Amino acid sequence: MTDSTAPGGQAVELVINGIAVRAEPHMTIVEAAWAGGVPRVTGVGCLEGVCGSCRILLRRGQDVSVALACETFAEPGIEALFLPPPAAARHQYELTDFTDGWDIQARFQEIFPEAVRCRHCHGCVRSCPKGIVVEEGIALAAAGRFREAGEAFLECVMCELCDSACPEQIAPAHVGLFCRRITAFFHLRPPNLIHRLEELRQEPFSSSGDKESA
Ligand code: SF4
Ligand code: SF4
């Protein structure tokens, strides 16, 4: 067993990827894995600049669930298994191929034909570690309500646990991403961002942070 407990600290014993680890109680599963000498797990996103990839299968007694390792704390007796990173996206499209907003729904149905086949099994909702109303977002997208669907997925970290859970292979994470992208593509940028960029355009700053002299 690998011991990462500080002197005097109360150890939490758990198993990560089949390796027995003694962690400090405030540690997340990611921290416990690192501190406990578990070999580096491919796909832990924060090491590679992509949040949302530290997907784990979690066993607490008879209860099995999925979660993100970076926001799950070490508990006595639990078992965590890092899941492989998501597969490459199957749905291909270029936003620049959308010439106006009138054919978005037709194009969406070509790109994501499975979306209308949602069987309302709630698997995506139950698997989402961010509490997103995934199933509702899919229904909104299938109905052509892309702005509302995109808003439903605003907190999505693209862990794709919902994709893994979907028996219809709808790829809800990618439907949500499409909705956010297409909404931004056809709508004005946030007014505060436009305002700030215009300020910078009119009063450029030097690299030292001082305003450039005229
Ligand atoms: S919607 Fe899907 S990809 Fe996004 S956080 Fe939830 S489970 Fe992860
Ligand atoms: S997992 Fe798939 S089929 Fe089930 S509710 Fe979610 S989107 Fe629909």
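Author: Helices (H or I, at least four residues) are DSSP runs, numbered from the N terminus. This is a predicted model, in which local features need pLDDT of at least 70, side-chain atom pairs count only at pLDDT 80 or more, and totals for chains, interfaces and linings use all residues. Residues are numbered from 1 along each chain as its sequence is written, while chains are lettered from A and ligands numbered from 1 in the order in which they are written.

Reader: Which helices each supply at least two residues of the shell around ligand 2?

Author: Helix H3 (123-127) and helix H4 (134-142) do. H4 gives the most, with three residues. A residue is near a molecule if its C-beta atom, placed from the backbone, lies within 6 Å of it. Of the 16 residues around ligand 2, those that come nearest include Cys118 and Cys166.

Reader: What makes H4 and H7 oblique to each other?

Author: Their axes, lines fitted to C-alpha atoms over the stretch in contact, with angles running from 0 to 180 degrees between N-to-C directions, cross at roughly 55 degrees. Angles under 35 degrees count as roughly parallel, over 145 as roughly antiparallel, 65 to 115 as roughly perpendicular and the rest as oblique. H4 and H7 are therefore oblique.

Reader: Which residues of H4 meet which residues of H7?

Author: Val134, Gly137, Ile138 and Ala141 in H4 meet Pro172, Val175, Gly176 and Cys179 in H7; contact requires C-beta atoms, placed from the backbone, within 7 Å.

Reader: Which helix gives the most to the shell around ligand 1?

Author: H7 does, with three residues.

How values were computed
Contact = placed C-beta atoms within 7 Å.
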